[in-house]
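These are my notebook entries on a structure that I had not looked at before. I wrote down what I looked up, one topic at a time.

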Amino acid sequence: MQTRMKNPAAVLPAAMAPIQELFKATRTAGVPETTLGLVHLRASQINGCGPCVESGVRSARKSGESDERTGLVVAWRETPYFTDAERAALALTEAATRLADRSDPVPDHIWEEAARHYDEAGLAAIVLMAAVTNLSNRLNVTTRQLAGQKWG
């Protein structure tokens, strides 16, 4: 596979800094870095974004995440490796990523479970991480960016 073009955020450099700032902002709400990493990884898996899955796994390992958790985030419902709070964040991430899959994309029960574990700032961080990850996934997948390459 070959890339179609440089990543659009590299072609229009004024876009790169705001995207990076959005990622940074998610880390200011007190949500554990490991949870935000799981959110990024799961959304990227759903969207089939090789570069983001690779970077997500690499970041998770660097921050001390176990191979079991990293490898099994794709099957988080069927494994004992995730806390209830992480499961709530992953369910919210999946709903926010798969908006067109159902008439009520983010059902109340998913939102309410996430709200049991996270305050408003924490919910904002999770929703923002899912959204910015989805943006990155769409840039990468559309232009066929390759895993292991820097944006550009």
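I began with helix α6, which has 14 residues and reaches 20 Å from its first C-alpha to its last, close to the 20 Å expected at 1.5 Å a residue; the expected span is 1.5 Å times one less than the number of residues. Helices here are DSSP runs (H or I, at least four residues; strands are E, at least two), numbered from the N terminus. The model is a predicted one, in which local features need pLDDT of at least 70 and side-chain atom pairs count only at pLDDT 80 or more, while totals for chains, interfaces and linings use all residues. Residues are numbered from 1 along each chain as its sequence is written, and side-chain values use heavy atoms, with hydrogens and water left out.

I then looked up how α6 is placed, and 11 of its 14 residues are buried, so the helix is largely enclosed by the rest of the structure. Buried means under 20% relative accessible area, exposed means over 50%, and partly exposed is in between (1.4 Å probe, protein chains only). Among the buried residues of α6 are Arg-87, Leu-90, Leu-92 and Glu-94, and what covers the buried residues includes α3, α5, α7 (108-117) and α8.

Next I turned to α3, whose 15 residues should span 21 Å at 1.5 Å a residue, and whose end C-alpha atoms are 21 Å apart, in agreement. Its buried residues include Leu-36, Val-39, His-40 and Arg-42, and the buried residues of this helix pack against α2 (16-25), α4, α5, α6 and α8 (120-142). Just after α3, I noted that Gly-48 takes a positive phi of about 65°.

Which residues does His-40 contact, leaving aside its neighbours within four places in sequence? I found Phe-23, Cys-52, Ser-55, Gly-56, Met-129 and Thr-133, where contact means heavy atoms within 4.5 Å. His-40 sits in helix α3 (residues 33-47) and is buried, with a relative accessible area of 12%.

I also looked at Thr-79, which lies in the loop between α5 (67-72) and α6 (84-97) and counts as buried at 10% relative accessibility. Not counting residues up to four places away in sequence, Thr-79 touches Leu-72 and Arg-87. The C-alpha atoms of Thr-79 and Arg-98, which are 19 residues apart along the chain, are separated by 22 Å.

How many salt bridges does a search of the whole structure find? I recorded 10, a salt bridge being a side-chain nitrogen of Lys or Arg within 4 Å of a carboxyl oxygen of Asp or Glu. Side chains of opposite charge can pair when their charged atoms come close.

In one of them, Glu-54 pairs with Arg-58, the closest N and O atoms being 3.8 Å apart; being four residues apart in helix α4 (residues 50-62), the two are separated by about one helical turn. Glu-54 is partly exposed at 32% relative accessibility, and Arg-58 is partly exposed at 46%.

Arg-61 and Asp-67 also meet through their side chains in a salt bridge (3.1 Å, N to O), and Arg-61 is partly exposed at 49% relative accessibility. For Asp-101 and Arg-98 the salt bridge is at 3.9 Å, N to O; Asp-101 counts as exposed at 58%, whereas Arg-98 is partly exposed at 32%. My last entry is a network of salt bridges that links Arg-42, Arg-77 and Glu-94.
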